[in-house]
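Here are my notes on the model you sent over. I have kept them as numbered points so that you can follow along in your viewer.

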Amino acid sequence: MSEIISGASNCLCGSVKITAKNINPNFTVCHCETCRTWGGVPFFALQCGTDVEITGNEKVKIYKSSPWASRGFCSDCGTHLFYKLDKTGEYNMPVGMFPNLKGLAMDMQYFSDQRPSYYCFSNKTKEMTKAEVESYFHH
Ligand SMILES: [Zn+2]
Ligand SMILES: [Zn+2]
């Protein structure tokens, strides 16, 4: 099992500051259409659990992107801040927000069957299709 690490970050304009104390360095990538529409690219996500402090919450705009999750972004600069599971309150945050973390490794690719043909990663990772993701997470 990988070591849990902590990290601090802020959005581009600095209005929102985030401290996450329980980050799993094995990050996931989501190829689903929602993530690719949201960010223009796959979502490289760090699982940050619930031990997350956010200051500048008045600038955080929340968009409920599915029946089970919400996405947050800074309403001033547009930086994507998190994908949050409504039921557990767990945060997934963009890898790029935490540039100084050590030991990061791409571990899992979700919605592998929705990955478009115009890119692929050479990283050797686990993969789950849409059907596998849905049966694993939404029981
Ligand atoms: Zn901002
Ligand atoms: Zn996705």
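1. Among contacts in the protein chain between residues at least 6 apart in sequence, what percentage join residues at least 24 apart? The value is 50%, where a contact means that two C-beta atoms, placed from the backbone, lie within 7 Å.

2. A word on conventions before going further. This is a predicted model, in which local features need pLDDT of at least 70, side-chain atom pairs count only at pLDDT 80 or more, and totals for chains, interfaces and linings use all residues. Residues are numbered from 1 along each chain as its sequence is written, while chains are lettered from A and ligands numbered from 1 in the order in which they are written.

3. The C-alpha trace spans about 35 × 30 × 30 Å along its principal axes.

4. You will find 2 helices and 10 strands in the protein chain, in the order β-β-α-β-β-β-β-β-β-β-β-α from the N terminus. Helices (H or I, at least four residues) and strands (E, at least two) are DSSP runs, numbered from the N terminus.

5. Now for the interior. Buried residues make up 25% of the 139 residues; buried means 20 or more other C-beta atoms within 10 Å of the residue's own, exposed 12 or fewer, and partly exposed in between, with C-beta atoms placed from the backbone.

6. Cys-30 deserves a look in your viewer. Beyond its neighbours within four places in sequence, Cys-30 contacts Cys-35, Pro-42, Phe-43, Ala-45, Tyr-110 and Phe-111.

7. Last, the hairpins. Strands β5 (residues 60-66) and β6 (residues 69-74) run antiparallel, joined by 6 bridges (two strands pair if DSSP finds at least two bridges between them), with 2 residues between them in the hairpin; Val-60 stands opposite Cys-74. β6 also runs antiparallel to β7, through 5 bridges, and Phe-73 has His-80 as its bridge partner. This second hairpin has 5 residues between its strands, and Gly-78 in the turn has a positive phi of about 85°.
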